[in-house]
Amino acid sequence: MITIKNASVRNALRIIIPFALIPAIIIMGVYVFKENSYMFISVGVIILSLILFISGFEKKKTGTRRLIIVAVMTALSVVGRFIPVFKPVTALTVITAVYIGGEAGFLVGTMSALISNFWFGQGPWTPFQMFAWGMIGLVGGLLSKYLKKSKAALITYGVAAGIVYSFIMDFWAIIWNNEIISIEAYLASLLTAIPYTVIYAISNMLFFALLAKPFGEKLERVKLKYGV
Amino acid sequence: MKAFDNYNPITIFIYFASVITIGMFCLNPVTMNPLILFLSLSGALTTYIIRNRMSGVKSHFFFLGMFILLAVINPLFNHNGVTVLLIINNNPITLEALLYGTASAAAIISVIYWFRSFSQIMTSDKLLYILGNISPKFALILSMTLRYVPLFENQTQKVIQAQRGLGLYSDTDFMSRVRGGTRVFSVMVTWALENGVVTSDSMTARGYGITKRTFFSIFKFRKKDIAVTVASLILFAIILTGVISGAINFRFYPEISHAQTTAVSVITYIAYGLLTFLPAAIETEEEIKWKYLKSKI
Amino acid sequence: MEILKIENLTFSYPLCEEKAIESISFSVDRGDFVTVCGPTGCGKSTLMRLLKKELIPLGEMSGKVYYKGRDVQTLSEKETACSIGFVAQRPEEQIVTDKVWHELAFGLENMGMPQDVIRRRVSEMTCYFGIEDWFEKSVAELSGGQKQLLNLASVMVMQPDILILDEPTAQLDPIAASDFISTLSKLNRDLSLTVIITEHRLEEIIPVSNKLFAMESGKMLKYGETRETVKALRNNAVFMQGMPAAVRIFSSFDLSLPCPLTAREGREFIEKNFDNRVSELETPLSNTEKKDAVLEFSDVYFKYSKEMPDVLRGLDFKVYKGEIFCILGGNGSGKSTCLSVAAGLRRQYSGTVRVLGKKIKDYKKNELYRGCISLLPQDVQTVFLKNTVKEELEDVVSKDHTLPYDLSELNDRHPYDISGGQQQLLALAKVLSSAPQILLLDEPTKGLDAYAKKEIGVILQKLAQTGLTVVCVTHDVEFAAEWADRCAMFFRGEITSCGIPSEFFAGNNFYTTAVNRMTSNYYKNITTVSDAVKIMRLNMNGGAE
Ligand SMILES: Nc1ncnc2c1ncn2[C@@H]1O[C@H](COP(=O)(O)OP(=O)(O)OP(=O)(O)O)[C@@H](O)[C@H]1O
Ligand SMILES: Nc1ncnc2c1ncn2[C@@H]1O[C@H](COP(=O)(O)OP(=O)(O)OP(=O)(O)O)[C@@H](O)[C@H]1O
Ligand SMILES: [Mg+2]
Ligand SMILES: [Mg+2]
């Protein structure tokens, strides 16, 4: 069973893995291992993500309430994914990240992807979604100070997150169709994906505009009443 | 018969990991070897069909269509290759491109089918068991979420009904639907969080977080599990070396060219054949065993 | 031997000036079966939670709780977690994991027990509670009763010596409830397990409990051996209403005899002290002049999805203007479904439903809900939208409309911060406020004390007299017998019997009031305490005295 004993090492890992290693792997996968980049990336990413959970999570003494909140938010976003237009996963991930913390956000993002694919079908795309949403959550957590302050910032981040998400998934799509990575191909697929990206961004915007505040209140209340 | 389902989740996971890894490993311009792809595809299809028999026949047609589409699209957009079949508004359609398209289509479809079987066999509780061995806590959260999802769907329905019953919810026009939707969603959030806290109480009440959790499961690791695990790993190693050594390299562009057959390549093919048809073999063996027992009775 | 000792325990919730618990002291011996009773909102749940260290809610607490002579605060986490088990009111919320077997193992996993120990204990409990056949199911598929049994089992695997239950049977039908209670008393006898339980329906629980704890507005009223306490409470109107039928009947005669508790003692009491010349009350003939049907089901079939079995199988009944129509029936028999069809929330696939003589599908969107029909759902938390009780009421209550009862003292509480019974009342208030002509209530009395039940009964009767029609699904036979104009028995999606309470219940053997069970050998068609008393008075003068 993998566990990192030393706390400082763990913290180091928690910073390094997402921001250095995972991108590094992707770059390497794309340019060095041209041949079988895709597999290399997804496997690399998911393994590292797992290490991240484990190091950050298994050893740390997480309060039951935190645990529950993560489970609840994940479940909500999974249930939300069934709603046709709205895909609240990003929104919920970000909100959790902002109010509960980056790690919680990361968990909600990754687990939403993993679990909802039990219904939508697991596939080689699973690790990519896990990664994309996980990062959105983690970054949201790091920015929470500012995002809490102004609703505008929150909405902006939500939209940006939506766009980034679809960028990452486009990226995945072209390696999946195993074309040799070329900027043209990438741009082309981005162009074709624009309508989806726009819809996605807008739905996120709406979601934040409508739900950010009540959500915040509710989470704050639970924090207050039960001391999360 | 679903004999393969009864193997230990770890075994199942390792098997699929190896077979899918190889399948995807070959999904690149250099090692896209028709024989390997054929084995992968036929293996995937056999495994899926043995498990599901005639159910879900429609989906096969869908994937057939997808196969053809993928095969045809490539030559239309990709014009390298030397043997020109025909020219459509001064763009050459080449044999190589067509074959390449077919090959990659085969690769993609086979991977998809492997994943279809995988998703069927690796049910959530099996996945939990695997994760439970890595991180009990993560497994617990996953388990909790898996319990919440159906619960919340059910509750969402209840809330909508309740609000409608009070005449507070209507879905006549788009705006009112959005308003109603958000209203319901916010009720759901309150409800979910509050109930979540009750759940967390019942967790603490049963001593959650006092000491390091163990992870209980009803799966056992038996001899046959070990056998299959070892088998898949060995086969995987053989094939991987074979692939990396370039013994089965196969190129379509600019013209079809491949490494000539050697002992290594033959061994690789055989190994891959064995790997892909392992589940099918297990199922048939079980089948035969039963027939035999019946005849004894 | 004294196992639990409480010394002037006091508790108040944050931002609440009045105390939820005030200087309570008592002690419990090993093997006791203590029943805690008291009106809604008197602090039962709070008290129960204070007894379990892990569950003490946020707020000021003073006083001490001793477990086996040692202060609970000084015990190790492991000890308290294992030795005091807790089962709460709503079965749904306490389940943590998604599979039955995993739920059973959960507590032991937390203790870090090795696989084989867990396996042994779990299998043992599985056998004891007889849940083998749903051992591998996922919890979403279980019925309410099964869920609650699972909760109990998954607490019992920890092998506690004290078991605390907070209204564990509130959501169960009478049969399931009495099964659950008999399981408890079995545990209490077999393992000399100490049980502390809060209940509103005392009929079943009093006979098996050897101590009774009566509390009122956060204070202890009386605690001691059951008979003693019952006797002591004889002239306390509020508590008497909650007592078993035998006691209520007995206490309305001032005889100097030992008070009967169980139905059997009740029978003996009647046997000994009354001769039974008069065996029937001349029933006020039910006003037979034909009223017009406001709700009409004719041959209705419904199922939730194509592959699922029918839930309503040719349902066929009429409800007349201004009557209170009670529907009884087991868990999962389709009562709630029936109501949601009646309210037009779900569409039957065959048969017709008429509301006020008009086919339900001819109503325009929401026209049906504007002062026409209104439904109180089974899970009342689904109607709360706002952050305080006040907002909740303002959300719907028009200024001129006045509530039949008062909730103003809860005004600035969060709807989730009030007691179960109070939530019930709040939800009912919201439903009433739309001034409907037909009122559909799904178990309006669950979690309510006898006094509040009576309050609701009175309210409903008042409304009925003003011409409002009430259709009420309930598990509470006493309530139905007391207040209904007609009762109907629901079984596997259809109504199997229907009639005015006295005749209806007289027809049943088990699904009937305790009074009826007690008196049926001597008198005909006696279902309520008041009737019983009336007829016994008639038989008196020739009797004991
Ligand atoms: N979380 C809370 N915050 C503030 N006040 C509360 C909270 N929970 C309960 N109360 C109040 O404390 C009192 C006791 O509540 P409690 O739930 O113990 O009553 P109860 O006897 O269990 O009622 P019921 O029989 O309906 O369950 C009630 O007045 C209730 O309004
Ligand atoms: N939303 C749903 N989807 C599918 N099946 C359902 C749904 N709701 C209820 N059922 C099934 O329909 C049947 C009747 O359920 P219903 O809730 O009407 O019973 P009930 O008489 O109200 O039970 P209880 O007394 O516990 O409230 C049950 O077998 C239940 O499993
Ligand atoms: Mg209570
Ligand atoms: Mg119901």
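Colleague: How many residues of chain C are in contact with chain B?

Modeller: 52 residues of chain C touch 40 residues of chain B. Contact means that the C-beta atoms of two residues, placed from the backbone, lie within 7 Å. Before we go on: this is a predicted model, where local features need pLDDT of at least 70, side-chain atom pairs count only at pLDDT 80 or more, and totals for chains, interfaces and linings use all residues. Residues are numbered from 1 along each chain as its sequence is written, with chains lettered from A and ligands numbered from 1 in the order in which they are written.

Colleague: Which element of chain C gives the most to the side that touches chain B?

Modeller: Helix α4(C), with eight residues. Others supply at least two residues each, including α5 (115-128), β16 and α15 (420-432) of chain C. Helices (H or I, at least four residues) and strands (E, at least two) are DSSP runs, numbered from the N terminus.

Colleague: And by class, what is on that side of chain C?

Modeller: 27 nonpolar, 13 polar and 12 charged residues. Ala, Val, Leu, Ile, Met, Phe, Trp, Tyr, Cys and Pro count as nonpolar, Asp, Glu, Lys and Arg as charged, and the others, Gly among them, as polar.

Colleague: Switching to sheets. In what order do the six strands of the open sheet in chain C run?

Modeller: The order is β16-β17-β18-β13-β19-β20, with mixed pairing. Two strands pair if DSSP finds at least two bridges between them. The edge strands are β16 (373-376) and β20 (494-499) of chain C, each pairing on one side only.

Colleague: How many bridges join β13 to β18 in chain C?

Modeller: Four, and these two strands run parallel. C326(C) has C472(C) in β18(C) as its bridge partner.

Colleague: What about the sheet with four strands in chain C?

Modeller: That open sheet is antiparallel, in the order β12-β11-β14-β15. β12 (312-320) and β15 (358-359) of chain C each have a single partner strand, so one side of each lacks a neighbour in the sheet. Two bridges join β14(C) to β15(C). V355(C) stands opposite K358(C) there.

Colleague: Over to chain B. At what angle do α2 and α9 pack?

Modeller: About 10°, with their axes 9 Å apart. Axes are lines fitted to C-alpha atoms, for helices over the stretch in contact, and angles run from 0 to 180 degrees between N-to-C directions. So α2(B) is roughly parallel to α9(B), a label for angles under 35 degrees.

Colleague: Which residues meet there?

Modeller: Among them, L35(B), I36(B) and L39(B) from α2(B), and Y269(B) and Y272(B) from α9(B). The contact has five nonpolar, four polar and no charged residues.

Definitions and conventions. Angles under 35 degrees count as roughly parallel, over 145 as roughly antiparallel, 65 to 115 as roughly perpendicular and the rest as oblique.
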